[in-house]
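Me: I am new to this structure and would like to learn how to read it. Could you walk me through some features step by step?

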Amino acid sequence: RSQAGNFTEAIESFDQAIRLYDEVDTQEAFRYSAHKWRLLAHLAQGNSSALEEEINRVLELSEKYREKIREESNRNHFFDVEQSIYDIAIDFWYRQKNDAEAAFQLAERSRARSLLDLMSSSPRAIQNGSEPDLQYDQMSPSLSLAEIQARLPEKTQVVQYAVLKDRILIWLISRGQRPIAKEQPISEELLGKQVSAYLQLVTNEPADNEAAMAENARQLYQLLIAPIASLLDPEKTLCLVPDKILCQMPFAALIAPNSGRFLIEDYSITFAPSATMFVICSEKAVAKERGRIESLLSVGDPTFDRHRFSLPYLSSARQ
């Protein structure tokens, strides 16, 4: 009925299903699915008065359902499939509730959760069908915005992105400063085309497309960096937390239109899958500094027996 546009009838059917599931105390998966589809029906119907309560309920059920998923591969699949629900919630809190900080917290909850579980617990190796897998006994929550700010290294600043259906949200998070949020109106489809075109250019020989590559790099800088460029501190490390197609972006090669400089020329850049992971990994790095001295072996342009290993040489390593 939802697909046919009969949203009122669809919502009534979902209401009946939810009452039935509550009465028989069925599995969280069924209850979650019914609430999710009711949320989508309310959204399509434009019923904003019911959205907040339904979004909160769906996210609550999402977390409960995920607690029961023990295998890493299944957890990853669950978040990949259900990311759209978080995007709806992020957009609702940012635009309709005018609460950029709550929107950031939702964006953070949807990021790198399986990796966070791996860092925070001791999963067991299991056999999941024919494939090896990891099984978790607990779920680790992401840090709150206040915790992230309090625990950020002093000389760092985090720029986190959320790619939504019709816009990009950009947050700038620093220690001891109020979070700043900006938005750029662009469809997810158009953004994907722009990034894909740029990636195609940078993977070809630069001599053949240097002008086009530079122009694309300036356009993407204007889209992704310019909204917060005047607020960035060049003395601080810039941690970028990309989203969706932006995870493929070579941010360091973006070009500032005014100066013509690459982003990497103006900032020390690092990347993280989430602000929570950046904080945790930074703290672990500091703890390691107090332990034994580490050493690094760095190898470029390696030679090896091509008869034993059917691998190509690294063509650009010597250069």
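The dialogue below takes up a hairpin, some contacts and a few backbone angles.

Reply: Happy to! Keep in mind that this is a predicted model.

Me: Let us start with the strands. How many bridges join strand 1 to strand 2, and do they run parallel or antiparallel?

Reply: In a regular strand the side chains alternate between the two faces of the sheet. Here, strand 1 (residues 124-128) and strand 2 (residues 131-135) run antiparallel and are joined by five bridges. You can find Arg-124 opposite Gln-135 of strand 2.

Me: What lies between strand 1 and strand 2?

Reply: Two residues separate them, and the two strands form a hairpin. In the turn, Gly-129 has a positive phi of about 70 degrees.

Me: Which residues does Asn-74 touch, leaving out those up to four places away in sequence?

Reply: Its contacts are Ile-69 and Asn-128. Asn-74 itself belongs to helix 4 (residues 72-96). Its relative accessibility is 34%, so Asn-74 counts as partly exposed. Look also at Gln-135: its C-alpha atom is 9.8 Å from that of Asn-74, although 61 residues separate the two along the chain.

Me: Now a charged residue. Is Lys-236 buried or exposed, and which side chain of opposite charge is nearest?

Reply: Lys-236 is buried, and the nearest side chain of opposite charge is Asp-233, 4.6 Å away. A salt bridge needs a nitrogen and a carboxyl oxygen within 4 Å, and Lys-236 has none. You will find Lys-236 in the loop between helix 10 (226-229) and strand 6 (237-241). Beyond four places in sequence, Lys-236 touches several residues, including Glu-154, Gln-157, Ser-174 and Ser-268.

Me: Why does Ser-174 count as buried?

Reply: The cut-off for buried is under 20% relative accessible area. Ser-174 counts as buried because its relative accessibility is 5%. Ser-174 is part of strand 4 (residues 167-174). Leaving out residues up to four places away, it touches Gln-149, Leu-152, Gln-157 and Lys-236.

Me: Back to phi. Where is Asn-98, and what is its phi?

Reply: Asn-98 sits in the loop between helix 4 and helix 5 (100-109). Its phi is near 55 degrees, a positive value in a residue other than glycine. With 68% relative accessibility, Asn-98 counts as exposed.

Me: What is the phi of Lys-244?

Reply: Lys-244 is not a glycine, yet its phi is positive, at about 50 degrees. Look for Lys-244 in the loop between strand 6 and helix 11 (263-266). Its relative accessibility is 26%, so Lys-244 counts as partly exposed.

Definitions and conventions. Residues are numbered from 1 along each chain as its sequence is written. This is a predicted model: local features need pLDDT of at least 70, side-chain atom pairs count only at pLDDT 80 or more; totals for chains, interfaces and linings use all residues. Side-chain values use heavy atoms; hydrogens and water are left out. Two strands pair if DSSP finds at least two bridges between them. Helices (H or I, at least four residues) and strands (E, at least two) are DSSP runs, numbered from the N terminus. Buried means under 20% relative accessible area, exposed over 50%, partly exposed in between (1.4 Å probe, protein chains only). Contact means heavy atoms within 4.5 Å. Lys and Arg count as positive and Asp and Glu as negative; His and the chain ends are not counted.
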